Amino acid sequence: MAVITAENLTHTYSAGTPFEKTAIENISLSIPSGQFIGIIGHTGSGKSTFIQHLNALIKPTSGKVLFDGSDINADKVSRREIRRHVGLVFQYPEYQLFEETVYADIAFGPKNMNFSEDEIRERVTEAASFTGIAPELMERSPLELSGGQKRRIAIAGVIAMRPEILILDEPTAGLDPAGCRTILGNICDYKEKTGATVIIISHNMDDVARLAQRIIVFDGGSVVLDGTPDQVFSQAEKLISIGLDIPASTALALELKRQGVELGCPVYTHEGLVEAVLAYREGKTC
Amino acid sequence: MSIICFNEVHFTYPGSETETLKGINLNIEEGSFVAVLGHNGSGKSTLAKHMNSILVPDSGTVTVAGIDTADENRILDVRSTVGMVFQNPDNQIVANVVEEDVAFAPENLGIPSEEIRTRVDDALARVGMTEFARHAPHLLSGGQKQRVAIAGVIAMRPRIIVLDEPTAMLDPQGRREVVSTVEHLCRDTGITAVLITHHMDECVNADRLIVMSAGQIIADGKPSEVFSQVELMDKEGLTVPETVRLMYDLNSRGFSLPLGVTGMKDCAQFVKTALMN
């Protein structure tokens with residue numbers, strides 16, 4: 001399966017004008033297949049600019065993006081080709097729904113790839129089932145459904161392309177807790193059943209801590225931390241200093257430490273915190 | 001004294017088969033900071049829209065500062081008593097300069113221009129946006145835009161401000177800015193604040209927390225009292241603060257900690273004491 005690599009990636013908006021702004025600078029990293037990656041960072045830290053490079057939506061000012069070793073911006077054909085492999089779900093994707101029926105909206109991508117009717121139907125059905133869209137909704141207008149349902153239809157439209165790499169920019173923004181849980185469950189399900197690589201941008205540290213195997217932290221256009229949740233959240237002070245939240249459980253563990261109860265292992269999920277306190281009671285340090 | 005009173009309020013949207021508000025009785029004290037928590041579809045936004053006559057009850061009554069919101073002759077009085085802030089910051093800003101946007105409502109109220117100047121300066125200071133007075137609103141962050149929207153409302157000097165999910169589209173920093181602005185407004189100026197949200201962490205410092213589900217109020221009390229009802233909150237699919245959740249789970253493993261603790265320091269103190277014994 002595919003590997004995507006960024007090499008010295010730099011992007012400057014409005015270059016040569018008074019509004020010139022370098023959004024990301026000299027980013028090099030590699031994303032092996034099958035990882036679940038969380039990208040965190042303050043608004044304006046460059047994370048959205050970075051992911052838009054991964055399917056050639058914007059071109060680097062300098063540096064390269066490689067997909068299985070070849071430059072995705074080499075020519076028009078490769079730019080088009082990359083979008084079959086890398087699916088990108090924007091922020092508030094429900095604003096992009098436009099078709100008359102839910103079915104037609106989900107089918108839009110596969111249709112443009114000139115698949116047969118049967119193939120399209122199979123992909124739409126599969127994508128709808130991944131995102132929990134009931135068959136009876138298929139002929140309804142997407143515009144009359146709830147916010148959470150619309151969001152899932154928009155995600156289904158990308159999943160119908162069967163991307164090997166699925167990237168989502170704040171997929172739970174603006175949803176209520178139940179809506180968030182459903183969407184994240186859908187995404188995990190897709191990853192589990194297809195083995196796809198998943199990259200999510202999120203402001204919710206608790207979600208990232210719980211789901212991601214690897215966390216990449218952006219600040220001021222650069223990657224400042226990159227590692228497992230253990231490694232990243234053990235740097236809680238650093239995260240706070242760049243204006244990021246830390247998981248509530250990590251904050252509580254820090255407060256306990258301040259009061260003299262040193263739990264002795266990095267805590268970043270609720271379950272981890274409960275276990276660490278119980279272990280402390282038994283005199284163990286995990 | 002109660003400034004907002006709901007008396008047996010029922011409401012059904014036209015064409016809908018189910019009632020969105022199923023007999024709401026609610027009194028809100030003047031000067032208090034009240035948070036309303038609930039899922040999408042729980043009726044919390046419908047409740048908010050009844051507070052300034054955007055919607056009026058099918059049966060029952062809503063009064064604000066003693067005015068019946070269903071009285072068509074008093075609608076302007078209702079609207080100048082209750083200011084609303086909505087979810088999407090981009091939909092609420094009308095002018096090209098921050099201070100002009102804040103001046104929009106007082107201008108429409110026919111207030112003399114020197115008085116408008118005072119009100120605009122005061123409103124921008126209250127939300128911490130004075131230095132942006134002459135900036136273009138579209139270049140501000142989401143949190144800053146919402147604070148401008150709040151300034152626009154308080155420049156009308158309403159007695160009540162109702163915020164309908166003002167933080168849903170903001171990042172964590174923007175959310176903190178908006179919630180702390182609302183809290184300070186309420187504490188410093190005595191304005192009554194009603195904050196509709198689905199983020200439980202925004203409710204922790206409120207005087208009172210109301211939880212809605214399926215058109216009814218299912219919990220009402222101090223945030224610490226409401227959050228300590230962990231089973232109820234779980235059943236509703238709502239989250240409780242990590243402090244409460246930790247104590248709840250530790251209790252099921254042999255600890256006996258109080259549940260109504262929402263402060264990190266206090267929570268850590270209790271856990272520490274329990275561990276030392």
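In chain A of this predicted model, strand S9 (residues 214-219) and strand S10 pair in the antiparallel sense over 5 bridges, where strands count as paired if DSSP finds at least two bridges between them, and where helices (H or I, at least four residues) and strands (E, at least two) are DSSP runs numbered from the N terminus. Within this pairing, A:Ile215 has A:Gly227 in S10(A) as its bridge partner. Strands of a sheet pair through backbone hydrogen bonds, either parallel or antiparallel.

The two strands belong to an open sheet of 6 strands in chain A, which runs in the order S6-S7-S8-S3-S9-S10 and has mixed pairing. Its edges are formed by strand S6 (86-89) and strand S10 (222-227) of chain A, each of which pairs on one side only. From one strand to the next the twist averages 15 degrees, with axes taken as lines fitted to C-alpha atoms, for helices over the stretch in contact, and angles running from 0 to 180 degrees between N-to-C directions.

Residues are numbered from 1 along each chain as its sequence is written, while chains are lettered from A and ligands numbered from 1 in the order in which they are written. Because the model is predicted, local features need pLDDT of at least 70 and side-chain atom pairs count only at pLDDT 80 or more, whereas totals for chains, interfaces and linings use all residues.

The domain assignment of chain A, whose bounds come from an automatic or database domain assignment, gives domain 1 (1-89 + 163-239) and domain 2 (247-286). The centres of these two domains of chain A, taken over C-alpha atoms, are separated by 30 Å. Contact between them involves 9 residues of domain 1 and 7 residues of domain 2 of chain A, two residues being in contact if their C-beta atoms, placed from the backbone, lie within 7 Å. On the side of domain 1 of chain A that touches domain 2, the elements giving two or more residues are helix H7 (205-211) and helix H8 (229-233) of chain A, and H7(A) supplies the largest share, 4 residues. By class, that side of domain 1 has 5 nonpolar, 1 polar and 3 charged residues; here Ala, Val, Leu, Ile, Met, Phe, Trp, Tyr, Cys and Pro count as nonpolar, Asp, Glu, Lys and Arg as charged, and the others, Gly among them, as polar.

In chain B, strand S1 (residues 2-11) pairs in the antiparallel sense with strand S2 (residues 21-29) over 7 bridges, and B:Val9 stands opposite B:Ile24 in S2(B). S1(B) also pairs in the antiparallel sense with strand S4 (residues 59-64) of chain B, over 5 bridges, and there B:His10 stands opposite B:Ser59.

Turning to helices, H5 (residues 142-154) of chain B packs against H6(B) at an angle of about 20 degrees, with their axes 8 Å apart. That angle makes H5(B) roughly parallel to H6(B), since angles under 35 degrees count as roughly parallel, over 145 as roughly antiparallel, 65 to 115 as roughly perpendicular and the rest as oblique. Among the residues that meet are B:Ile150 and B:Ile154 in H5(B) and B:Val178 and B:Leu185 in H6(B), and the residues of this contact divide into 4 nonpolar, 6 polar and 2 charged.

The contact between the chains takes 27 residues from chain B and 30 residues from chain A. Helix H6 (172-189), helix H9 (242-251) and helix H10 (264-276) of chain B are the elements that give two or more residues to the side of chain B that touches chain A, and H10(B) gives the most, with 8 residues.
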